[in-house]
Structures are given as C-alpha cells and as structure tokens.
Amino acid sequence: MRFETDAIHAGQEPDPTTGAVVVPIYATSTYAQESPGVHLGYEYSRTGNPTRRALEIALAALEGVREGSAGGAVATSSGMGATSIIGYTLKPGDHVLLPNDAYGGTFRFFARVLAEQGVEWSAVDMTEQRLVRTAVRPNTRVIWAETPTNPMLRLVDIEAVAAVSKEAGTILVVDNTFATPFLQQPLALGADVVLHSTTKYLGGHSDVVGGALVTRDPDLFARLEYLINAAGPIAGPFDSWLVLRGLKTLAVRMQRHSENALKIAEFLEAHPSVMTVNYPGLQSHPQRDLAARQMLTGGGMISFRPHGGIEAANRISTATKLFFLAESLGGVESLIEVPASMTHASVDGTALEVPPDLIRLSVGIEHVDDLLEDLDRALA
Ligand SMILES: *Cc1c(COP(=O)(O)O)cnc(C)c1O
C-alpha cells in the first residue's frame, strides 16, 4: 500500500475478538497461557504487547519495512529511550561519530553518559562527505546523522554518508524526527537504522512522549528486540495508542506544516527585522538541490536570527501569542523558542554550540494568515 494507506491500515486490522476498527489499548502486564510456554504470542508486556506491536508494524511500514520482511521496528518509551538502546550496542573503546549540531539530548547521552562508560565520541560537520570520511576512526562503530539538523536546518546527504559508513563497516543511524518518513526515507538511501522521537510529528499532538528504532537488517532487528526487552525502555500501551492515532493523519499534517512553514520562511526572509532564515524549502537554502532530491517538502521547522542580538530574540519569542514559547516541536500548534537558552542549553560551550540569538519555530497547522500576523506583530 501507499504511505497514506499504510498510516491508517498497517498493523491495524479490526480487532479479531470484537471487530473494533481501532486497535484497543491492551492494558495488561501478562497473558494467560494454555500450558507452560504455550500461548497466543504474548507472555509479558515488556517483551510484547498487542497495542505496541500494532504501532511497531505501522512504523516499520512507513519507513518502507513491510510486515513479514525480516526487519522491523521497536517502539520505545521516548526518543532518548531509543537512543539508549543504540548505546547498549556499544562497548568501552568503541567510537561514535556524531554530527556537530546533533539534538542536544543525543549529544548529552553520548558525550556525558556513555563517555563515562568508556565509549569514545567525536563530532564532525556531516554536510560534507569528505569530512565524515576523515573523521571515521578504526574503532568507529556507529555514525549518527540527523537531517535536517536541529536547530540549524542544515541537510546531510544520507546516501553520501551511507557510502562512507559501508566502506568503514559501521552502522549508520539516522534520526528522522524532523523530516518524518512522509518527507524522507533514510533506509531506502542506505541507512541501517532510523530513529524517531515519536513525541514530535508522529504523535503530532504534543500529548505523548515516545520513540522508535526501525531497521531492515534482520540481525540488527533481532538485537534491538533483545535489547529493548533486556533493558526495558518500552512504549506503554496507552502511549503506543496515542502515537498510532497520530500516525493516521501524518501525511495530511506534514503537507500543511510544510505549506505553512514555506510561507512563513518567505515572509521572514523579506522582513527588515530578520538577518538570516534557515529553511530547507527556501530557494536561498545553500543545499536546496539536496533538499529537492532527499525530501518531499521542506517540513515544518524554521530557524532564524533577528537583527538586534539576544535581546531581540528574547523579545520576539515572548511577544508572540499564537506561537507558544515552549520546547519540543511537531505538534499541531505552533511553538517558538530560543535554542541556546532552552533546548540546547546542554551544548553550551561545546563544538555544538548554537548562535545565542537564534530563534526556532515549529510551525503548526493553524491558518497561516493568523501565524503570519502573529509574527508580524512580534517582529514590529
Ligand atoms: C526530541 C528529539 C529527540 C529526543 O526524543 P524524546 O522523545 O524527547 O526523548 C531526539 N532527536 C530529535 C531530533 C528530537 O527532536
């Protein structure tokens, strides 16, 4: 089936016992067995739960991994829960290559938490294949890419980095949270694992925290399933249900997020109070050809720097009324934030530092004219 259809049907057959068209929330920790070890496929809800299973089948399908193929998805308690599962595949002395503008929490996990366990890391500008190739070390096990990057909205050529990863025999993990599988399909471009914070666009309504990992590789999938059960950061049944509900409208939401964001990016670019605008859908984006090749549309995230420095950034981000001043992204409502003092405070003083006057917008699906008027007032 095509994307929009899979989003509504993959893993979501009517419930066999009642015919319910929506996958029920299986709020149960355990399952009755017919005789010791003989059961209907579920034994304990950390190991497997039907609501989570439905979400995993749907997520895998959306990333191009069909039910019945050897790969699949694991749904985790949060995006960081998914990241921590990748962490468990590493041992002391292994090296992780990070992008130099990774999500702040990803950076904190590898550079602070795993570094204490003896896992090495370094960060590189992944927008150039040459730089990635030079940064790979003999002990590199994982290359971590994020595209579009947060909050600079730069793009990484997934195919180019996948080629380096194959040469080096490493595992390429692509954090696809910003683009979503509707706009970009990293596995088809050569990535080994896709990571999601389903908290963002996949859930889409700012009412759940969750994550996922998806792979086509049967051995890797078996390892991820083993680790999620062994370590335990699973998505609960209600959270899985909320994400499933969100997935159904992902395609239409992403279309509207992108349309609104493009209009807002063009408006900002023409505004005298704005110095620079970062948006992959803009003609002025330095990687617009890559954007056209790799992404369906530019997505819903924009960052920009106003004239007037931090003071101006703080003033604008507190002056909007529709754009709530808040962390996170990907919900139906518009959000505004200053990454350096909010989401990216943990990268302060490192190679991943972001400009202190940068403002990030998560453009929602409200009427675009209301959003434009709100920004226009705040910029005045
Ligand atoms: C939010 C986010 C994460 C972490 O996900 P949580 O669900 O908050 O744990 C990872 N990567 C990106 C790009 C994110 O935006």
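Author: Strand S2 pairs with strand S4 (residues 140-146) in the parallel sense, over three bridges. Two strands pair if DSSP finds at least two bridges between them. The model is predicted, so local features need pLDDT of at least 70 and side-chain atom pairs pLDDT 80 or more, while totals for chains, interfaces and linings use all residues. Residues are numbered from 1 along each chain as its sequence is written, and side-chain values use heavy atoms, with hydrogens and water left out.

Stay with S2. Leu97 has Ile143 of S4 as its bridge partner. S2 also has a link to strand S3 (residues 120-124): five bridges join them, and the two run parallel. Strands of a sheet pair through backbone hydrogen bonds, either parallel or antiparallel.

How many of the residues of S2 are buried? Five of five, so the strand is mostly covered. Buried means under 20% relative accessible area; exposed means over 50%, and partly exposed lies in between (1.4 Å probe, protein chains only). Both faces of S2 are covered. His95, Leu97 and Pro99 are buried on one side. Val96 and Leu98 are buried on the other.

Now follow the chain past S4. Two prolines sit in the loop between S4 and helix H6 (158-168): Pro148 and Pro151. The peptide bond from Thr147 to Pro148 is cis, with omega near -5°. The bond from Asn150 to Pro151 is cis too, with omega near 5°. Most peptide bonds are trans, and most residues other than glycine have a negative phi.

Val142 is one of the residues lining the largest cavity, with Ile86, Thr89, Ile171, Val173, Val193, Leu220 and Leu224. Strand S5 (171-175) and helix H8 (218-231) are the elements that give two or more residues to this lining. A cavity is a set of points, on a 1 Å grid over the protein atoms alone, where a 1.4 Å probe fits but cannot get out; lining residues have an atom within 4 Å of a point. Grid points are joined across faces, edges and corners, and a volume is the space filled by probe spheres set on the points. The largest cavity holds about 50 Å³ of space. Its lining has seven nonpolar, one polar and no charged residues. Here Ala, Val, Leu, Ile, Met, Phe, Trp, Tyr, Cys and Pro count as nonpolar, Asp, Glu, Lys and Arg as charged, and the others, Gly among them, as polar. There are two cavities of 30 Å³ or more.

Strand S6 (residues 193-197) includes Ser197. Ser197 is buried because its relative accessibility is 9%. Leaving aside neighbours within four places in sequence, Ser197 is in contact (heavy atoms within 4.5 Å) with Gly79, Thr177, Gly210 and Gly211.

Ser206 lies in the loop between S6 and strand S7 (211-215). Its phi is near 50°, a positive value in a residue other than glycine. Ser206 has a relative accessible area of 45%, so it counts as partly exposed.

Ser206 is among its contacts, as are His205 and Phe324, leaving aside neighbours within four places in sequence. Glu333 sits in the loop between S10 and strand S11 (335-337). At 21% relative accessible area, Glu333 is partly exposed.

Ser328 is also in the loop between S10 and S11. Its phi is near 75°, again positive in a residue other than glycine. S10 and S11 belong to an open sheet of five strands, in the order S8-S9-S12-S11-S10, with mixed pairing. Strand S8 (274-278) and strand S10 (324-325) are the edge strands.

Notes: Helix = DSSP H or I, 4+ residues; strand = E, 2+ residues; numbered from the N terminus. 1 Å grid on protein atoms, 1.4 Å probe; cavity = no way out; pocket = protein on both sides within 12 Å on 5 of 7 lines; lining within 4 Å.
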